[in-house]
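Please have the viewer open as you read.

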Amino acid sequence: MDKPVFEPLTVESLPGRLADIAALDGNLGPADTWKVREVGDGNLNLVFIVEGDRGAVVVKQALPYVRLVGDSWPLPLKRSFFEYHALTRQNARDPGMVPAIHHFDEAQALIIMDYLSPHVILRRALIEGRQLPELARHMGLFMARTLFRGSDLAMDTAKRKADLALFAGNVELCDITESLVFTDPYFDAPRNRHTSPELDRIVARLRADRDLKVAAQHMKHLFCANAQTMVHGDLHSGSIMVTDTETKVIDPEFAFYGPMALDTGMYFSNLWMSYFSQRGHEADGSREAMRQWLLATIVEAWAVFREEFSRLWREERNGILYRRELFEDQGDWLGAEQALDHFLAGLWADTLGFAGVEMHRRILGLAHNADFESIEDTGLRARCETGALELGRHLAVNRRRIHSIEEVNALAERIYAAVVAR
Ligand code: SR1
Ligand code: MG
């Protein structure tokens, strides 16, 4: 039989095309009651909300090109396959932290999943100045559990290698990150843009900064060669949905076997960028309390991450690495603790390196953050962005000389006072 031909859905065609999917009848009710909206505002895909008599679902469909740019930049549909497999694994590793999947159609590159309501995108909540009491705990646990349980600290050799091979096919999405995050920001690449002319001088300085370019290439090498675990691969604040009590991680289409610190670095980087951007959202009053909350939530998330990762190390370290025969079984539990300390020290330095380059690419590269972009006064926006660029440079270059998250936060506050608040 011929392979079904891919056809992008439209608001009009969706009920007819998906009416026969049994899972939808149960979740939504009959197709003639469905109301369909297209709400995709990301860079890559179509996203529909479908509401029926009995409930609602989200239908996410990949397009054969980058939506942000258009059909001049083709992108394979198979990213939907990797997203489906990543969601399945993340749900097994930290149950309830990703949306439940109701249906997957590989040929049509579509995933039907829970409609999360009243959740909003974390980035939007942060721009509005909302403090989220459970965020740090949920994200600290999610990162520790998914990164540990997908790695050779937890998996046996056959499963680990099968997964490594499966995700090795996500070539084009890795290629996007390799270019957009680690290379383009550091030269005058055609797809780049920045707030101009306000940032022109600092951009020229950063692009001439040899230490920074070497640091960015070091991080790129880790991205390409350090296949430590199945990472989310794009864990910014647009990939997280929140209420005051719930956190859900979405959109793992960039998943692959890469360095653990890519996820932790990208996550913290987006919170530090939010910290610098708050100054641009003070029309309704000071955001000082929000800034302090952001710094505190970063401290808490890192503490939760370390604690949970350490617990898993002690209780679930049944994979290929640091075998118990070498340590606990010989009574050498302290040796296992020594190895854990070394592991976490490396992860910490790499986290800062990835955090630094993520700040640069969101201000100098193709794909920017609404946190800064929605600040209309370009002079003010440029000051907020300068704060993040300076912190990003310091973190990337000095990542092995910074010893605590409190040290980074203190530095962020000093940079804020010197370049953003003035
Ligand atoms: C061309 S894709 C640009 C960015 O959008 C995605 O969300 C990733 O962050 C990617 O780098
Ligand atoms: Mg995304």
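The model is a predicted one.

Three strands make up an open sheet with antiparallel pairing, in the order 8-10-11. Strand 8 (120-121) and strand 11 (247-249) sit at the edges, each pairing on one side only. Two bridges join strand 8 to strand 10 (residues 240-242) in the antiparallel sense, and Val-120 stands opposite Val-242 of strand 10.

Helix 5 (residues 135-149) lies across strand 10 and strand 11. The helix runs at about 35° to strand 11.

## The largest pocket

The largest pocket holds about 1400 Å³ of space. Its lining counts 50 residues, with Asp-41, Gly-42, Ile-121, Gly-238 and Asp-251 nearest the centre. By class, the lining has 25 nonpolar, twelve polar and 13 charged residues.

Domain 1 (14-114) and domain 2 (120-420) each give at least three residues to this lining. Among the elements that supply at least two residues each are strand 8, strand 2 (46-51), helix 4 (122-127) and helix 12 (333-364).

## The second largest pocket

About 170 Å³ of space lies in the second largest pocket. Its lining has 14 residues, and Ala-168, Cys-174, Cys-224, Phe-256 and Tyr-257 are the closest to the centre. Eleven of the lining residues are nonpolar, two polar and one charged.

Helix 6 (157-167), helix 7, helix 9 (210-225) and strand 12 (256-258) each provide at least two residues of this lining. Helix 7 (171-180) also supplies at least two residues to the lining of the largest pocket.

Definitions and conventions: Residues numbered from 1 in each chain as written. Chains lettered and ligands numbered in written order. Predicted model: local features only at pLDDT ≥ 70, side-chain atom pairs only at ≥ 80, totals over all residues. Heavy atoms only, no water. Pairing = 2+ DSSP bridges. Helix = DSSP H or I, 4+ residues; strand = E, 2+ residues; numbered from the N terminus. Contact = heavy atoms within 4.5 Å. Axes fitted to C-alpha atoms, helices over the stretch in contact; angles between N-to-C directions. 1 Å grid on protein atoms, 1.4 Å probe; cavity = no way out; pocket = protein on both sides within 12 Å on 5 of 7 lines; lining within 4 Å. Points joined across faces, edges and corners; volume = space filled by probe spheres on them. Nonpolar A, V, L, I, M, F, W, Y, C, P; charged D, E, K, R; others polar. Domains from an automatic or database assignment.
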